[in-house]
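I opened this notebook to record what I looked up in the structure. The entries follow in the order in which I made them.

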Amino acid sequence: MIVLKQKSDLLGTMASSLCLAHCIATPFLFIAQASSATFTSGPPTWWKLIDYIFLLISFGAVYWSTKNTTISWIKPLLWGSWFFLTAIIFNEKLELLPLPEAIIYIPAIALAMLHLYNRKHCKCATDNCCVNEE
């Protein structure tokens, strides 16, 4: 359990960075797919499911990071970024509002940066050193 608590910011940074790379790569993959007649008309199912996998991983990372941080202002920013990312992904899937594709970079970058900041300023050697005593 202590390993998960200590590594949640590292996991969150990695998940956010991979999510960002996924978002950047998607348009290029669709361009390549459009030029090839061997692919089906839409993206593969596994490619569409990656968004939800990143959301689940980042939820766990945000949960543990906010539970164990001593930095009170980082909690609402981490959760806000995660909810913003979730809303953008669901909006993209359901096509509710016409939003620019690049807007997804904002919460993905914010999550990665917040996890990096929290990791730098909250280093634990015990099970409760980074818990905010409220």
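Leaving aside its neighbours within four places in sequence, with which residues is Ser-81 in contact? I find Ser-81 in contact with Pro-107, Ala-110, Leu-111 and Leu-114, where contact means heavy atoms within 4.5 Å.

**Basis of the entries**

I note that this is a predicted model, in which local features need pLDDT of at least 70 and side-chain atom pairs count only at pLDDT 80 or more, while totals for chains, interfaces and linings use all residues. Residues are numbered from 1 along each chain as its sequence is written, and side-chain values use heavy atoms, with hydrogens and water left out.

**The chain as a whole**

I looked up the secondary structure and found four helices and zero strands in the protein chain. Helices (H or I, at least four residues) and strands (E, at least two) are DSSP runs, numbered from the N terminus. Along the sequence the pattern reads α-α-α-α.

I then looked up burial. Of the 134 residues in the protein chain, 34% are buried; buried means under 20% relative accessible area, exposed over 50%, and partly exposed in between (1.4 Å probe, protein chains only). The accessible surface of the chain is about 8,300 Å², and 71% of this belongs to carbon and sulfur atoms. These areas come from the Shrake-Rupley method with a 1.4 Å probe, and for residues only the protein chains shown count as cover.

For contacts between residues at least 6 apart in sequence, I recorded that 74% join residues at least 24 apart.

**Helix H3**

I compared the length of H3 with expectation. The 21 residues of H3 should span 30 Å at 1.5 Å a residue, and the end C-alpha atoms are 30 Å apart, which agrees. The expected span is 1.5 Å times one less than the number of residues.

The buried residues of H3 are Ile-74, Leu-78, Ser-81, Trp-82, Leu-85, Thr-86, Ile-88, Ile-89 and Asn-91.

I returned to Ser-81, which lies in H3. Ser-81 counts as buried because its relative accessible area is 10%. A polar atom of the Ser-81 side chain lies 2.9 Å from the backbone oxygen of Leu-77.

Gly-80 is also found in H3. With a relative accessible area of 38%, Gly-80 is partly exposed. Between Gly-80 and Pro-107, 27 residues apart in sequence, the C-alpha to C-alpha distance is 8.5 Å.

Is Ile-89 buried or exposed? Ile-89 has 1% relative accessibility and therefore counts as buried. Beyond its neighbours within four places in sequence, Ile-89 is in contact with Asp-51, Tyr-52, Leu-55 and Ile-104.

Asp-51 belongs to helix H2 (residues 45-68). I noted that Asp-51 is buried, at a relative accessible area of 6%. Which side chain does the side chain of Asp-51 join in a polar contact? The partner is Lys-93, at 2.7 Å. A polar contact is a pair of N or O atoms within 3.5 Å; within protein, one must be able to donate a hydrogen and the other to accept it, and residues adjacent in sequence count only if both atoms are side-chain atoms.

**Aromatic rings**

Rings of Phe, Tyr and Trp (its six-membered ring) pair if their centres lie within 6.5 Å; planes under 30 degrees apart count as stacked, over 60 as edge-to-face and the rest as tilted. I recorded eight aromatic pairs by this rule. One of them is Trp-82 with Phe-83, edge-to-face at 5.1 Å centre to centre and 75° between the planes. Trp-82 is buried, with a relative accessible area of 11%. Phe-59, Trp-79, Trp-82 and Phe-83 form one aromatic cluster.

Glu-95 sits in the loop between helix H3 (74-94) and H4. Its phi is near 55°, a positive value in a residue other than glycine. Most residues other than glycine have a negative phi. Glu-95 counts as exposed, at 69% relative accessibility.

**Helix H4**

H4 (residues 105-121) has 17 residues and reaches 24 Å from its first C-alpha to its last, close to the 24 Å expected at 1.5 Å a residue. Its buried residues are Pro-107, Ala-108, Leu-111, Ala-112, Leu-114, His-115 and Asn-118.
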